[in-house]
Amino acid sequence: MNPSAWSLWRRITALCAVVAGILVVIAVSATATAAANRSETEQVMDHLTPALVNAERLYSQLLRQQSSVRTFLLTGKDTDLDSYRDAQGQEAAILADTRNLLADEPELLGTVDGIAGATARYRSEIAEPLIAQTRTNGVDPDKAAPTEQSRAVYNDASARIATLSDQLEKRRDEVAGSVRSSGDVLVLLLIFAAVVVVVAGVALALLLRRLVTRPVTDLAGEVRRVAGGDYDYAIRSSGPPELAALADDVDTMRRRINADLTDVQEARRLVEEANAMLEQQAAELTRSNRDLEQFAYVASHDLQEPLRKVASFCQLLQRRYSGQLDERADQYIAFAVDGAQRMQRLINDLLAFSRIGRLTNGFAEVDLNKVVLDAAAQFDAQREATNAEIVFTDLPVVRGEEPLLGALFSNLIGNAIKFRRPDVPPRIVIDSTPVGDGEFEISVEDNGIGIEPEFADKVFVIFQRLHAKETYPGTGIGLAIAKKIVEYHGGRIWIDPSHREGTLFRFTLPAPLPAPDPDPVSALAEESAS
């Protein structure tokens, strides 16, 4: 695999593995060197140096033996041999200790054995025969003087002790040199380990700078360039695979944001165009409303006046000349009077329809029980004539305009009485149900002739009639007014298709706004006052 394609984690792991391997080798070498140094140091301090001291002590004991024998040869006293015997014991102990100290030094052990043999020869050939002769023949001062033979035997033992001392000093110097060499090697290993750690740290720092710090800085610069408004600039990274993947993800995010921004700009342009069209339509609507208000004014004044004159003079003709003209003339006059009166009703209904929502006093809380009572009172004569029954209980309080809600119920109650079934007393039931949040559903049910389902929407269109005016009088605008009143209050009105006998109107009205939370300070003040 190409090392340049390695991930940052893999590169750091490889570097740490190499450094760890080198440090392990250094640690093993340092441990072995330290062990050898310790062993050699122990050899010098615990074996060679004490053995060298023992060599000096051996020479001292040999000298004590010679002096003690000479003294005995001059005095003949056995007490003078105490030092001789003690020196022999000390010599034997020193030789045994020296053999233990030099157990790993075969060459030196040979020298020690030679010393033991030389001192034993001195005693067997020189000291012991002289002691025996003195005890047998008495004191002889001439025998205390050393002879060539005694001098040669003594010098041989002394020389062997000196040789051991020289060998021990030489061996100690060799081992001490080895200790110094191993110490130097140990120091070099520690220095090398420190150099390896420093080099590894520098390499890691350079690696992080080259593979992390610099690519991240470059990536941050590219991101700032995009954040500065150059949304089409492609973000790239030359770092390790992790940063390259991060750069690709950031560039993907940039492309998505750029696409979303393009969509938002297009949507903003469309919204601005729609707002311009809405403003234009609002201006057209304002102009249309002004024209409508002007028309309403004309209809309520300019058209009403000549229409009243036509109706008045037609009625005068009907009263004055009724029966004086032929039957056809009376019929024509009746048609003219009826047409003028119908025109007046149409104009009045149109005015009422156009005023909904324009002439307003604002919404307030309205008790529907009172509204229905007032609306029903308008039909007292029709109720007595038809034995009509209006049933309602516990209607809610809603938000709205009381005059408009009165007109709504007047239209629905009037329709229920007008479109009754022959020989069946009208029965009108008004009920309510809370629905959703902040709404009431009001139902007005009658037992009249009903409305076919296919005409359920048509009846709310202005001037749409389902029956001839000769059968059921009216202008056909009552339910259109009812729909406009309900929609003005933010609700909707419809005919329930599941109701089969008569007609069931349903519409929604807003509930009163919830009371605001009391001011805790004011409530506390009122509680304190009480």
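The structure is a predicted model, in which local features need pLDDT of at least 70 and side-chain atom pairs count only at pLDDT 80 or more, while totals for chains, interfaces and linings use all residues. Residues are numbered from 1 along each chain as its sequence is written, and side-chain values use heavy atoms, with hydrogens and water left out.

**Overall composition**

The chain contains 12 helices and seven strands; helices (H or I, at least four residues) and strands (E, at least two) are DSSP runs numbered from the N terminus. Of its 530 residues, 31% are buried, where buried means under 20% relative accessible area, exposed over 50% and partly exposed in between, with a 1.4 Å probe and protein chains only. Among contacts (heavy atoms within 4.5 Å) between residues at least 6 apart in sequence, 71% join residues at least 24 apart.

**Packing of α10 and α11**

Two packed helices are described by the angle between their axes and the distance between the axes. For helix α10 (residues 402-418) and helix α11 (residues 478-488), the angle is about 145° and the axes are 9 Å apart. Such axes are lines fitted to C-alpha atoms, for helices over the stretch in contact, and angles run from 0 to 180 degrees between N-to-C directions. On the α10 side the contact involves L404, A407, L408, N411, L412 and N415, which meet G478, L479, I481, A482, I485, V486 and Y488 in α11. The residues of this contact comprise 10 nonpolar, three polar and no charged; Ala, Val, Leu, Ile, Met, Phe, Trp, Tyr, Cys and Pro count as nonpolar, Asp, Glu, Lys and Arg as charged, and the others, Gly among them, as polar.

**The five-stranded sheet**

An open sheet of mixed pairing is formed by five strands in the order β2-β4-β5-β7-β6; two strands pair if DSSP finds at least two bridges between them. Strands β2 (389-392) and β6 (493-495) stand at the edges with a single partner strand each, so one side of each has no neighbour in the sheet. Neighbouring strands of the sheet are turned against each other by 20° on average, direction ignored. Within the sheet, β5 (residues 439-446) and β7 (residues 503-510) run antiparallel and are joined by eight bridges. D446 stands opposite T503 in β7.

**Aromatic pairs**

A search of the whole structure finds three aromatic pairs. Rings of Phe, Tyr and Trp (its six-membered ring) pair if their centres lie within 6.5 Å; planes under 30 degrees apart count as stacked, over 60 as edge-to-face and the rest as tilted. Two of the pairs are tabulated here.

| Pair | Ring centres | Planes | Class |
|---|---|---|---|
| F363 and Y488 | 5.6 Å apart | 85° | edge-to-face |
| F409 and F507 | 5.8 Å apart | 70° | edge-to-face |

F363 lies in the loop between α7 (327-355) and β1 (364-367) and Y488 in helix α11, so this pair ties together parts 125 residues apart in sequence. F363 is partly exposed at 31% relative accessibility, and Y488 is partly exposed at 25%. F409 in helix α10 and F507 in strand β7 tie together parts that are 98 residues apart in sequence; both F409 and F507 are buried.

**Two loop residues**

P422 lies in the loop between α10 and β4 (427-435) and is exposed, with a relative accessible area of 67%. D230 is placed in the loop between α5 (148-227) and α6 (241-321) and is partly exposed at 29% relative accessibility.
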